[in-house]
Amino acid sequence: MAYTTTIRIALLQMNIEAGFPERNFAKLQEMMEKAMEDKRKPDVLMFPEMWNTGYALEQIEDLADPYGKQSTELLSAFGKKHGVYIVGGSIAEKREDGVYNTTLAFDREGNRIADYAKMHLFRLMSEEKYLKAGSHTGRLEIEKAEAGMMICYDIRFPELARKLALDGAKLLFVPAEWPNPRLHHWRTLLTARAIENQMYVIACNRMGQSGETSFFGHSMIIDPWGEIVAEAGEEEVILFGDIDLKLVDDVRTRIPVFEDRRPQLYN
């Protein structure tokens, strides 16, 4: 067997206090411990976008985690202690040339196995004024299965999800801070990415209020048929859901979308 086919996911749908990293670190650690104490012990933990700072963009240079050091220390140690994969939502990460919105991923031994900086910056929240855009796709392996990473606004760009699928991804992880009133867009776009690429989409959104902006949660796990495996409401919650990678192979065999592509006609 190339990989373990059944994987249990826990999505930590949390409130984020913009501008208070230490409070957010404490909240995340508390929720991670709670997830691992649950009898439904997960194989993978996942968090929302920018969980360390929230969208305190005007102070982001001072608040961002230099090279992800503090986040890496916490998540690596926790992953190793509990033997769990961590797809670390995303953080504000300060690098030499600026601040990036970065996902960090860790394996069961606490090794950092992947990173991805948000490629498409959201002008409605002025991200392009404060953040640097990433320039490479996000790929990793979970139990030897290929997976991809996108962040929030990225899901409006189907080309990116398709590239990840063509590169072998069977899972797509999407941390987000997706606000009201666009719940219909959130659910529709995530479902579309799952159906058109015949992959699982695993999306963790924040909840709560930040300034004048409210966030609706509704973290979701969607299967390759577009069926919802699990969906949260608007409260702070740990959402559990099981995925079976055999279903990806089954769907791709039944409807051979990738074999029927005609890319020579698309340019």
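Colleague: Buried means under 20% relative accessible area, exposed means over 50%, and partly exposed is what lies in between (1.4 Å probe, protein chains only). With that settled, is K163 buried, exposed or partly exposed?

Modeller: K163 counts as partly exposed, because its relative accessibility is 41%. Before going on: this is a predicted model, where local features need pLDDT of at least 70, side-chain atom pairs count only at pLDDT 80 or more, and totals for chains, interfaces and linings use all residues. Residues are numbered from 1 along each chain as its sequence is written, and side-chain values use heavy atoms, with hydrogens and water left out.

Colleague: Fine. Which helix is K163 in?

Modeller: K163 sits in α5. Helices (H or I, at least four residues) and strands (E, at least two) are DSSP runs, numbered from the N terminus.

Colleague: And how many helices and strands are there in the protein?

Modeller: Eight helices and 16 strands.

Colleague: Back to α5. Which of its residues are buried?

Modeller: L160, A161, L164 and A165, in a helix that runs over residues 158-166. These four lie on the same side of α5, because they cover an arc of only 140 degrees around the axis. The arc is that of the directions from the helix axis to the C-beta atoms.

Colleague: What about E159, buried or exposed?

Modeller: E159 is also in α5, and its relative accessible area of 57% makes it exposed. Its C-alpha is 10.0 Å from that of R193, 34 residues away along the chain.

Colleague: What follows α5?

Modeller: G168, with a positive phi near 115 degrees.

Colleague: Which residues other than glycine have a positive phi, say K144 or M50?

Modeller: Both do. Phi is about 50 degrees at M50 and near 70 degrees at K144. M50 belongs to the loop between β2 (44-46) and α2 (60-63), while K144 is in the loop between β8 (138-142) and β9 (145-149). M50 counts as buried because its relative accessibility is 0%; K144, at 64%, counts as exposed.

Colleague: Where is the cis peptide bond?

Modeller: Between N180 and P181, where omega is about 5 degrees. P181 is in the loop between β10 (171-176) and α6 (183-197). Most peptide bonds are trans, and most residues other than glycine have a negative phi.

Colleague: Next, α7. Which residues of it are buried?

Modeller: V248, V251 and R252, in a helix spanning residues 246-254. They share one side of α7, as their arc around the axis is only 95 degrees. K246, T253 and R254 are exposed on the other side.

Colleague: What do the buried residues of α7 pack against?

Modeller: They pack against α5, α6, β11 (200-205), β16 (237-244) and α8 (257-260). Contact means heavy atoms within 4.5 Å.

Colleague: Which residues does I60 touch?

Modeller: Not counting residues up to four places away in sequence, I60 touches M50, T53, G54, A92, V99, Y130 and L131. I60 lies in α2 and counts as buried at 1% relative accessibility.

Colleague: And T72, what is it in contact with?

Modeller: Apart from neighbours within four places in sequence, A77, L104, F106 and R112. T72 lies in helix α3 (residues 69-82).

Colleague: Now the whole protein. What is its radius of gyration?

Modeller: 17 Å, which agrees with the value near 18 Å that a compact globule of 267 residues would have. The radius is taken over C-alpha atoms, and the globule rule is 2.2 Å times the number of residues to the power 0.38. The C-alpha atoms fill a box of roughly 50 × 45 × 35 Å along the principal axes.

Colleague: How many of the residues count as buried?

Modeller: 55% of the 267. Among contacts in the protein with a separation of 6 or more, 67% come from residues 24 or more positions apart.
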